[in-house]
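I opened the notebook to record what I looked up in this structure. The entries follow the order in which I checked things.

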Amino acid sequence: MKIIACIKQVPDSEAKVKAEDGKVSWGDAPLVINPFDEYAVEGALQQKEAHNGTVTALCVGPESAKEALKHALAMGADEAVLVSDAALNDLDTVGAAKVLAAAIQKIGGADMVFFGRQTLDNGAGLTPPQTARLLGYPMLGLAGSIKVEGSAVTVERVLEEGRQIMKATLPAVLSVVQSIGEPRYPSFMGIRKASKANIPVWSLADLGISAPAAVVTRSELITPPTNTREVEMIAGETPAEIAEKLADKIIAEKVL
Amino acid sequence: MKTFVYIDHFKGEVQPASWEALGLAKSFGAAIALVFGKSVDAVAKAAVEYGADEVLVADDSSLEDYRAETYASTLAALASSLNPNLILFPTTARTRELAAMSAVDLNTGVLTDLIALEANGDSFVATRPIYEGKLMEKIVCAGKPVMATIRGRAFPKPERVSGKSGTVTKVTAAGEAKSTVEGYSASESAVNLGDAGIIVSGGRGVSNNPALTPPAGMDEKQAEVWRAQQGFALVTELAKLLGGAVGASRAAVDGGYIPYAHQVGQTGKVVAPDLYIACGISGAIQHLVGMRNAKVIVAINKDADAPIFKQARYGVVGDLFQIVPALTEALKKKLGK
Ligand SMILES: Cc1cc2nc3c(=O)[nH]c(=O)nc-3n(C[C@H](O)[C@H](O)[C@H](O)COP(=O)(O)OP(=O)(O)OC[C@H]3O[C@@H](n4cnc5c(N)ncnc54)[C@H](O)[C@@H]3O)c2cc1C
């Protein structure tokens with residue numbers, strides 16, 4: 001079983017993100033593996049263990065993104081590949097999908113390609129289905145559990161209306177959600193292996209493609225106004241008295 | 001200006017933000033609703049009543065269950081032949097995939113989860129939150145048609161005029177499915193946090209009531225879950241009274257108190273109800289990014305220093321097992337229910 005886990009590097013969720021000169025700035029906050037993609041790596045490793053497979057972690061990004069790949073290696077991925085090229089500055093989601101699809105083809109395809117549900121920075125969640133469409137693989141999105149039997153894969157998708165059970169034939173693209181299971185911590189051995197790993201870097205020329213032109217572009221970055229309103233604490237002698245006052249406040253807000 | 005509006009539904013139940021998309025489309029010009037599925041006449045009729053100038057219906061057994069591939073091919077074929085300027089969708093699990101895939105076929109881009117969309121001559125400028133709502137960006141799409149998914153409750157919902165008649169045109173399905181739908185798991189009931197106007201959420205605190213004695217024979221973990229279920233029963237009762245939905249923090253989900261579909265926050269749902277009542281939730285950043293755009297936030301927590309109070313309009317320092325039922329009673333009385 002050949003498995004690829006696609007990951008991205010993003011500023012840590014605790015980072016104070018600001019708009020500075022029209023660019024996004026996160027100060028000296030650390031860059032980490034996209035938290036949603038940790039679930040993708042976890043899902044990939046579960047399948048590797050169940051079906052005696054190999055996991056390749058794949059990332060499109062700057063040289064610094066090797067750290068995110070090392071995290072995947074430390075968790076237990078077998079190999080890692082970084083696609084990095086100076087021409088890849090303004091990728092939109094479909095551009096990222098085009099580069100990933102080309103890299104997956106250069107790897108020689110895969111039985112399963114894992115993604116997280118979305119990224120922390122852009123948050124669109126478009127790249128997984130777009131990669132599936134470009135590869136011609138079925139898309140099994142928002143999987144909360146996965147079962148593979150022979151060449152058949154069955155997933156439970158977590159949708160607004162409940163869980164949908166969907167089946168397809170491998171190869172397939174999957175995006176996973178938190179129900180897949182907590183991402184494992186890197187082991188001591190894994191961290192040692194990852195720190196010594198030599199991660200190959202592929203350019204666009206290696207993939208045989210030119211930089212995809214961005215269709216979606218940003219025209220303005222805005223820092224939203226911060227909440228400066230003071231909280232009004234409701235107190236009283238008894239729960240009933242507090243509830244009485246709070247109910248009046250809520251009704252006065254006219255939101256019921 | 002011609003806009004397609006994709007009406008997202010599950011077995012005939014329409015995601016209400018579809019109508020909000022229809023209202024937005026009308027503000028730009030002609031709005032053509034798209035309804036895909038099997039036996040979807042009632043959805044088409046509703047689209048007319050909500051103001052669609054025309055409804056295109058692909059009613060086909062191959063579209064009975066939503067599958068990304070067939071739906072995307074059907075949509076792309078319609079867009080190629082009818083050349084809309086804009087295709088609008090409500091933002092849902094299905095439409096993110098559908099828009100993403102048909103944009104690949106149509107060689108254009110998708111603007112997702114929009115809170116504003118303005119026409120600018122022939123093109124559009126969209127506003128959306130990024131970095132978990134820490135920033136907003138304005139974006140444009142150079143491709144045609146422009147494809148955009150709108151956030152639920154960010155745009156006004158048009159009035160429904162019942163009995164209104166309009167043009168409904170049959171169109172054909174396209175594409176080949178790459179998967180089969182085996183069924184739906186009944187273990188989790190529908191949770192539509194995205195369009196709930198009111199959400200009452202519970203956190204780890206719902207399991208913290210030492211006064212409750214669990215049935216004999218339970219181990220510690222079972223007793224904790226049992227206690228949490230008593231807590232969530234109080235949360236649910238308040239939500240029901242207000243016609244709202246039940247949310248949860250990740251600690252409550254991880255604790256096995258309630259299914260993942262209820263989770264609000266970074267790795268759950270991002271919501272923006274008119275009223276959000278947080279019960280026994282500390283207010284970690286990953287939870288706050290999911291709910292801080294609610295109009296009115298009420299926090300009930302034992303700990304006066306809990307960070308949730310910094311985001312709240314109203315706060316109560318107290319035990320949720322006392323405050324929540326008292327609030328339900330007080331509201332019941334005052335609302336005459
Ligand atoms: C990558 C990542 C993603 C995450 N995604 C999410 C997410 O999507 N959503 C999310 O919610 N979290 C998320 N988290 C987890 C988040 O960091 C917090 O751990 C979580 O939100 C805590 O949940 P809580 O507030 O219910 O629990 P706690 O932090 O334990 O807080 C419980 C609160 O209940 C109060 N309390 C206890 N008993 C009572 C009582 N009887 N009456 C009243 N109050 C009481 C306590 O004072 C306390 O403030 C994520 C974390 C990471 C690292």
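How much area is buried between chain A and chain B, and what share of it do carbon and sulfur atoms give? I found about 7,400 Å² buried, with 58% of that from carbon and sulfur atoms. I note at the start that this is a predicted model.

**Entry: the two chains**

I looked up which residues lose the most area on the chain A side. They are Arg133(A), Glu160(A) and Glu161(A), and together they account for 11% of what that side buries. I then looked up the contacts: 82 residues of chain A touch 89 residues of chain B.

**Entry: salt bridges**

Side chains of opposite charge can pair when their charged atoms come close. I looked up how many such pairs there are. Over all chains the count is 32 salt bridges. Between chain A and chain B the count is nine.

I wrote down two pairs. Glu161(A) is bridged to Arg94(B), with the closest N and O atoms 2.8 Å apart. Glu161(A) sits in the loop between β10 (152-159) and β11 (162-169) of chain A, while Arg94(B) is in helix α4 (residues 93-106) of chain B, so this pair joins two chains. Glu161(A) was also one of the residues I had listed for lost area. In the second pair, the side chains of Arg218(A) and Glu137(B) form a salt bridge at 2.7 Å, N to O.

**Entry: a helix pair across the chains**

Two packed helices are described by the angle between their axes and the distance between the axes. I looked up both for helix α4 (residues 127-135) of chain A against α4(B). The angle is about 40° and the axes are 8 Å apart. That angle makes α4(A) oblique to α4(B), because an angle counts as roughly parallel only under 35 degrees. The crossing of α4(A) past α4(B) is right-handed.

Which residues meet here? From α4(A) I listed Pro129(A), Gln130(A), Ala132(A), Arg133(A) and Leu134(A). From α4(B) I listed Glu97(B), Ala100(B), Met101(B), Ala103(B), Val104(B) and Asp105(B). By class, this contact of α4(A) with α4(B) has seven nonpolar residues, one polar and three charged.

**Entry: α4(B) again, inside chain B**

I stayed with α4(B) and looked up helix α3 (residues 68-82) of chain B. The axes of α3(B) and α4(B) are 8 Å apart, at an angle of about 50°. This makes α3(B) oblique to α4(B). Their crossing is right-handed.

The α3(B) residues in the contact include Ala68(B), Tyr71(B), Ala72(B) and Leu75(B). Among those on the α4(B) side are Glu97(B), Met101(B) and Asp105(B). Glu97(B), Met101(B) and Asp105(B) were also in my list for the contact with α4(A). The residues of the α3(B) contact with α4(B) divide into nine nonpolar, three polar and three charged.

**Entry: another helix pair in chain B**

What is the angle between α5 (residues 220-241) and α9 (residues 320-334) of chain B? The axes cross at roughly 20° and come within 9 Å. That makes α5(B) roughly parallel to α9(B). The crossing is left-handed.

In α5(B), the residues that meet α9(B) include Arg227(B), Leu234(B), Leu238(B) and Leu241(B). Among their partners in α9(B) are Phe321(B), Val324(B), Leu327(B) and Leu331(B). The classes in the contact of α5(B) with α9(B) are nine nonpolar, three polar and three charged.

**Entry: backbone exceptions**

Most residues other than glycine have a negative phi, and most peptide bonds are trans.

- The peptide bond from Leu170(A) to Pro171(A) is cis, with omega near 5°. Pro171(A) is placed in the loop between β11 and β12 (172-176) of chain A.
- Lys144(B) and Pro145(B) are also joined by a cis peptide bond, with omega about -5°. Pro145(B) is in the loop between β10 (135-141) and β11 (146-150) of chain B.
- Ser39(B) is not a glycine, yet its phi is positive, about 55°. I located Ser39(B) in the loop between β4 (30-37) and α2 (41-49) of chain B.

Note on methods: Residues are numbered from 1 along each chain as its sequence is written. Chains are lettered from A and ligands numbered from 1 in the order in which they are written. This is a predicted model: local features need pLDDT of at least 70, side-chain atom pairs count only at pLDDT 80 or more; totals for chains, interfaces and linings use all residues. Side-chain values use heavy atoms; hydrogens and water are left out. Axes are lines fitted to C-alpha atoms, for helices over the stretch in contact, and angles run from 0 to 180 degrees between N-to-C directions. Helices (H or I, at least four residues) and strands (E, at least two) are DSSP runs, numbered from the N terminus. Angles under 35 degrees count as roughly parallel, over 145 as roughly antiparallel, 65 to 115 as roughly perpendicular and the rest as oblique. A crossing is left-handed if the near helix is turned anticlockwise from the far one by less than a right angle, and right-handed if clockwise. Contact means heavy atoms within 4.5 Å. Ala, Val, Leu, Ile, Met, Phe, Trp, Tyr, Cys and Pro count as nonpolar, Asp, Glu, Lys and Arg as charged, and the others, Gly among them, as polar. Buried area is the accessible area (1.4 Å probe) that two parts lose on being put together, summed over both. A salt bridge is a side-chain nitrogen of Lys or Arg within 4 Å of a carboxyl oxygen of Asp or Glu.
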